[in-house]
Amino acid sequence: MKESWRLRGIVIGLFFLLFFSPRLLGQVEEKTVSLPFPFIYFQLKNGLTVILSEDDSLPVVSVVVGYGVGSVDEKPGQAGLAYLIENLMFQGSLNVGPMQHFSYISRVGGRPNARTTSDLTLFFETVPAHQLPLVLWLESDRMMSLVISEEHLESARAAVLSQLAQLRFQESFLDSFLLFNQMIYPDFARNHPVTGYEDDLQKLSAEQVREFYHTYYVPNNAVLCLVGNFNRRRAKELIEKYFETIPRGKEISRSLPDSPELKGPFIRSYVDPLASSPAAHVAYRVPSPFSAEYPVFQLIDYILIKGKSSWLQKRLLQREKIAVRLEGGLENNKGVAYLRFFVVANNDIMVERSLRAIEAEISRLKSSLVSSEELALAKTKYLASLKRRQATSLDRAIMLTEAYFTHPPLEEIAVIQEKPLKVGASDIVGLANRYFIPENLAVLQVRIR
């Protein structure tokens with residue numbers, strides 16, 4: 001009899017193990033990662049990915065909610081829709097009134113913020129650790145029940161249009177940036193601005209906004225990341241309480257077109273009546289961020305343009321003083337990458353000299369090996385940038401969220417980050433000769449008359 005009951009107990013135990021395990025309930029097995037810092041991640045049964053990284057060095061916790069949606073998901077005539085919803089997310093949900101998200105977080109000493117890019121929308125805040133339940137409630141409420149009324153839509157639209165006007169006032173070269181994007185990215189998905197076009201924003205209806213929201217702002221297209229001083233068991237209980245009942249959205253199907261080769265040199269001149277000075281945009285098409293060659297260009301970025309010790313900064317701004325503004329770097333737009341430069345000078349002659357100087361420094365990169373000292377300096381700057389991205393709990397939470405969408409699985413994040421550190425001088429000269437060629441070049445010279 002005892003053996004019979006024991007056997008029955010084993011059978012019952014196996015039944016519960018098989019039929020009530022997290023995997024079969026729709027949850028993905030928890031995964032632990034130790035580098036570049038300890039964290040775990042898993043999925044709820046509705047598809048929401050959760051990343052948890054405990055850090056008790058300060059009595060605060062940073063919370064990031066990331067949605068895999070941005071301007072690349074907009075259709076023609078809807079430019080700025082994702083950015084509009086970013087603003088709408090603060091206009092109120094079922095249990096939270098307009099702008100109350102700001103007031104709730106501000107009253108406990110936090111500061112909520114948001115960011116929209118071409119393919120990602122982030123909402124984030126850092127609060128005292130004991131206020132974690134408040135933040136999770138607020139974020140879950142707008143994920144589940146954002147209010148998209150005509151009144152709320154008009155408030156968000158007015159805010160976005162005001163920001164567009166301010167941006168145009170602050171950046172006199174805005175039109176040339178938009179034109180250059182259209183030169184190097186021929187498809188609408190990649191070449192229109194994240195902030196959108198005024199005409200499109202004016203025409204967007206509440207129904208269009210609702211459809212976009214219910215398609216993309218759903219648990220199975222989202223990541224919830226916590227970094228800071230919290231108890232893991234208690235955090236999981238709160239996350240399940242607030243987020244697990246939110247319905248899973250429909251599976252998202254994207255059909256982003258492949259971007260054709262540049263087939264340069266693609267050179268244009270543009271008279272911009274709003275520009276404050278003559279300027280020029282330069283871009284070279286480089287390998288995809290998912291290729292084995294991309295880390296080499298991450299290092300080239302620091303050698304040529306990033307930081308005061310970079311070749312172009314020293315030559316154009318410090319030594320020859322032929323430019324008054326120089327910026328740029330690697331740009332990744334849904335698998336299409338460019339190394340871009342933007343230079344402003346006092347007159348057309350100085351712009352021409354700046355373009356020749358850029359060409360000369362790239363030729364130097366192609367014709368001789370970078371010295372061991374310069375290579376070490378570039379790697380040091382790259383490492384410093386990595387450390388800055390991990391300096392605070394919020395920095396780490398944003399980095400993990402972005403990494404999930406751009407370079408899954410997260411177990412490989414440390415390996416990916418270390419690849420530029422293994423680049424040699426011969427790698428640089430070889431790929432510089434392969435990619436810095438006229439066929440990969442685009443130039444837009446901005447004139448004021």
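Phe266 stands opposite Ala442 in strand β12. This pair belongs to a predicted model, in which β8 and β12 (residues 441–447) pair in the parallel sense over 6 bridges.

- An open sheet is formed by 5 strands, arranged in the order β8-β12-β9-β11-β10, and its pairing is mixed.
- Its edges are β8 (266–271) and β10 (325–333), each of which pairs on one side only.
- On average, and with direction ignored, neighbouring strands of this sheet are turned by 15° against each other.
- In general, the strands of a sheet pair through backbone hydrogen bonds, in either a parallel or an antiparallel manner.

**Helices on the sheet**
- Helix α11 (residues 294–304) lies across β9 (279–286), β10 and β11 (336–344), and runs at about 170° to β10.
- Helix α13 (residues 348–367) also packs on the sheet, where it touches β9, β11 and β12.
- The direction of α13 makes about 160° with that of β12.

**The second largest pocket**
- The volume of the second largest pocket is about 430 Å³.
- This pocket is lined by 20 residues, of which Val72, Asp73, Glu74, Lys75 and Tyr216 are the closest to its centre.
- The most is given by α9, with 5 residues.
- By class, the lining comprises 9 nonpolar, 5 polar and 6 charged residues.

Terms used. Residues numbered from 1 in each chain as written. Predicted model: local features only at pLDDT ≥ 70, side-chain atom pairs only at ≥ 80, totals over all residues. Heavy atoms only, no water. 1 Å grid on protein atoms, 1.4 Å probe; cavity = no way out; pocket = protein on both sides within 12 Å on 5 of 7 lines; lining within 4 Å. Points joined across faces, edges and corners; volume = space filled by probe spheres on them. Helix = DSSP H or I, 4+ residues; strand = E, 2+ residues; numbered from the N terminus. Nonpolar A, V, L, I, M, F, W, Y, C, P; charged D, E, K, R; others polar. Pairing = 2+ DSSP bridges. Axes fitted to C-alpha atoms, helices over the stretch in contact; angles between N-to-C directions. Contact = heavy atoms within 4.5 Å.
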